[in-house]
Amino acid sequence: MHTLDTALAQDIVTRTMQIIPFNVNVMDANGVILASGQRERIGEVHAGALLALARKVTVEIDAASAPALHGAQPGTNLPLSVGGQVCGAVGLSGEPQQVRQFGELVRLTAEMILEQAALTQELQGNARYREAFVLNLIRYEPSSRAELEGWARRLGFGIERTHVAFLLELHAQHEDAGQSLSELQRLQMRLQTRREEALSATVGPGEMVLLESMDPGRKGLDGLPQRRLQALSNLMREECALPFTLSMGIAQAGIEGAAVSYGSARTAARLGRVRAPGHQTHSYYELTLPVLLSGLDTGWQAHELRLPIARLAQDKSGAMLRLTLDTWFARDENLAATAAALGIHRNTLDYRLRRIGELTGLNLGRSEDRLLLYVSALLSPR
């Protein structure tokens, strides 16, 4: 049964009294006045409402019959129903012949407000259920497989399909967590309307994950994830009131795929902030090697891989040489493009690259040494 609360009752009173010239009272299922244009009556038991609720019909009280009912005033009282169940009543104060014509209009308005609130409550409950499923899916544990499969069936979510996760990060001014949370909640409601097939969940302050399924077809993905990223980015530009960045993970199939995709989206976001801080979108498919190598950032292997850049950093000109190296790699080791980007002569660039080789102990003429230096740079953010 739908519960009529004080806030909804006041909304009904406020909106209906803007269109009719009479006082309106709204009562709960026990006949208690929850809201009224006559505020002193709030909390009283409304005798006319009790009759309307008991009989489930409109009850009119005129000036002659009012004294026989404790605390009653002339008017008309109509039961309110949501989903076929009576949940309260609405009353109009005045002589019945004057207010009768407005009764059905007020009841219709009140029931529309109540039905909208009930629908919103149902959607919010369903959203919380979907959100809990997403959170468990992206934190996948083998022991929860059977539970997640049952959950997916109830939601109609094709768990064996290919999934791709998007990480939305909002950037509120002065780190206003309340503003970010409010905006995330609004965006989730909008996404339910505009991308019904997608599932979303709040994963941190100002962060939301969006999980989508896709059917790659017989020819494979063929750029489909990137097109999804662009489409979602365009949608966010329309809907989002705050600055944001959007990062996409790898598209993976199966129940474990959602967690893998989410993890790679987070890594792409972290690396993207360092490598392309001015970009609004980051993608696993544009940062494939750095994302894959991020799994090597612990243990003795990581220490050895970082060693060339660590040696470079010990030199007094280490910062300048590191900038040169990063620019060289970003320009695909093209000498002319690198010199132009740095604003230096080719001879100066050649000297710096030789110096890098000397300090790191690597021969930049060998492909394997260049690869080792590239990996070392990726694992050693500036």
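Student: What should I know before I start?

Tutor: The model is predicted, with local features needing pLDDT of at least 70, side-chain atom pairs counting only at pLDDT 80 or more, and totals for chains, interfaces and linings using all residues. Residues are numbered from 1 along each chain as its sequence is written, and side-chain values use heavy atoms, leaving out hydrogens and water.

Student: How many residues are in strand 9, and how many of them are buried?

Tutor: Helices (H or I, at least four residues) and strands (E, at least two) are DSSP runs, numbered from the N terminus. Buried means under 20% relative accessible area, exposed over 50%, and partly exposed in between (1.4 Å probe, protein chains only). In strand 9 (residues 244-248), 5 of the 5 residues are buried, so the strand is largely enclosed by the rest of the structure. Phe-244, Leu-246 and Met-248 point one way, and Thr-245 and Ser-247 the other way.

Student: Which strands pair with strand 9?

Tutor: Two strands pair if DSSP finds at least two bridges between them. Strand 6 (residues 162-170) runs antiparallel to strand 9, joined by 5 bridges; Leu-167 has Ser-247 as its bridge partner. Strand 11 (residues 281-283) pairs with strand 9 in the parallel sense over 3 bridges, and there Met-248 stands opposite Ser-283.

Student: Is Ser-180 buried or exposed, and what does Ser-180 touch?

Tutor: Ser-180 lies in helix 5 (residues 177-194) and is buried, at a relative accessible area of 6%. Contact means heavy atoms within 4.5 Å. Not counting residues up to four places away in sequence, Ser-180 touches Leu-170, Ala-172, Gly-206 and Leu-242.
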